Amino acid sequence: MTTPFATAEVRNAVELLASRSLIRLVIEIDDNGAIPPRRLAGTLSDLSAHQLRRAAEAARAHGLVRTVPGAGLELTDSGSELADLYDAAAHWARRHYFPAPVCEFSSRIRHVLDLLAPSLATECVDGLPRPSAAQLPSDEAEADLARPRALLIQWLAGNPQATRVSEPEPVA
């Protein structure tokens with residue numbers, strides 16, 4: 001299954017999905033269940049209040065989380081599918097030591113998304129980051145990318161709002 005995306009759409013989606021704070025929020029809820037709003041800062045203590053607010057706003061705006069009275073922030077079906085994509089990307093990166101044998105979870109995901117991005121664009125990919133030749137995976141690793149690539153394509157096709165290039169806010 002291939003769904004063509006414009007370079008700008010791919011760039012926008014990767015920028016959103018590779019956000020460290022969004023990754024932390026989605027994975028934390030996926031691993032441990034709903035987070036009450038007042039416990040968000042304590043649960044994700046490595047993120048600033050600004051990062052938490054932006055991640056929660058982005059997650060709500062893109063339909064990844066919802067607030068459930070009495071429970072807090074929980075993942076929607078779309079958020080659960082994104083968590084599955086994150087897990088598959090991180091698993092591939094750990095298995096193939098990408099980008100390095102020891103690396104932070106969110107950094108692994110960003111590198112995998114950057115690696116997959118050029119293959120999703122319909123036109124010339126000059127605007128997308130390319131991994132250096134030294135970082136390119138082996139033939140086996142390339143074949144193993146099929147699952148994360150398929151999950152990403154499926155997620156983007158089901159969540160077109162993530163590919164839309166946001167308009168700059170008008171100055172008042």
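**Entry 1: the charged pairs**

I began with Arg-20 and Asp-46, whose side chains meet in a salt bridge at 2.8 Å, N to O. I count a salt bridge when a side-chain nitrogen of Lys or Arg lies within 4 Å of a carboxyl oxygen of Asp or Glu. Arg-20 lies in helix H2 and Asp-46 in the loop between helix H3 (40-43) and H4, so the pair ties together parts that are 26 residues apart in sequence. Helices here are DSSP runs (H or I) of at least four residues, strands are E runs of at least two, and both are numbered from the N terminus.

A note on the source: this is a predicted model, in which local features need pLDDT of at least 70 and side-chain atom pairs count only at pLDDT 80 or more, while totals for chains, interfaces and linings use all residues. Residues are numbered from 1 along each chain as its sequence is written, and side-chain values use heavy atoms, with hydrogens and water left out.

Next I looked up exposure. Buried means under 20% relative accessible area, exposed means over 50%, and partly exposed is in between (1.4 Å probe, protein chains only). Arg-20 is partly exposed at 30%. Asp-46 is partly exposed too, at 38%.

Asp-46 also meets Arg-24 in a salt bridge, at 2.9 Å, N to O. Arg-24 lies in helix H2 and Asp-46 in the loop between H3 and H4, so this pair ties together parts 22 residues apart in sequence. Arg-24 has a relative accessible area of 22%, so I noted it as partly exposed.

I then turned to Arg-95 and Glu-140. Their closest N and O atoms are 3.2 Å apart, in a salt bridge. Arg-95 lies in helix H5 and Glu-140 in helix H7 (residues 139-144), so the pair ties together parts that are 45 residues apart in sequence. Arg-95 is partly exposed at 44%. Glu-140 is partly exposed at 48%.

Salt bridges that share partners join Arg-20, Arg-24, Asp-46 and Glu-104 into one network. I found 8 salt bridges in the structure.

**Entry 2: Ser-21**

Is Ser-21 buried or exposed? Ser-21 is buried, with a relative accessible area of 10%. Its place is in helix H2 (residues 20-32). I checked its contacts, meaning heavy atoms within 4.5 Å. Not counting residues up to four places away in sequence, Ser-21 touches Leu-47, Gln-51 and Ala-55.

**Entry 3: the core**

I looked up the largest nonpolar core. Such a core is a set of buried Ala, Val, Leu, Ile, Met, Phe, Trp, Tyr and Cys residues joined through side-chain atoms within 4.5 Å. Which of its 51 residues touch the most other members? They are Leu-17 and Tyr-86. Among the elements that each supply at least two residues of this core are helix H1 (7-17), helix H4 (49-61), helix H6 (105-120) and helix H8 (146-158). H5 gives the largest share of the core, 9 residues.

I listed the contacts of Leu-17, leaving aside neighbours within four places in sequence. Its partners include Leu-22, Ile-23, Leu-82, Tyr-86 and Trp-155.

**Entry 4: helix H5**

I checked the length of H5. At 1.5 Å times one less than its number of residues, the 19 residues of H5 should span 27 Å, and its end C-alpha atoms are 27 Å apart, which agrees. Buried residues of H5 include Ser-78, Gly-79, Leu-82 and Tyr-86. What covers the buried residues of H5 includes H1, H2, S2, H6, H7 and H8. Asp-77 also has its place in H5. Asp-77 is exposed, at 60%. Tyr-97 follows H5 and has a positive phi, near 50°.

**Entry 5: one aromatic pair**

I found 1 aromatic pair in the structure. Trp-92 and Phe-98 form it edge-to-face, 5.4 Å centre to centre, with 65° between the planes. Rings of Phe, Tyr and Trp (its six-membered ring) pair if their centres lie within 6.5 Å; planes under 30 degrees apart count as stacked, over 60 as edge-to-face and the rest as tilted. Trp-92 is buried at 3%. Phe-98 is buried at 5%.

**Entry 6: the strands**

I ended with strand S1 (residues 65-68) and S2. They run antiparallel and are joined by 4 bridges; strands pair if DSSP finds at least two bridges between them. Val-65 stands opposite Leu-75 in S2. The hairpin of S1 and S2 has 3 residues between the strands, and Gly-70 takes a positive phi there, near 85°.
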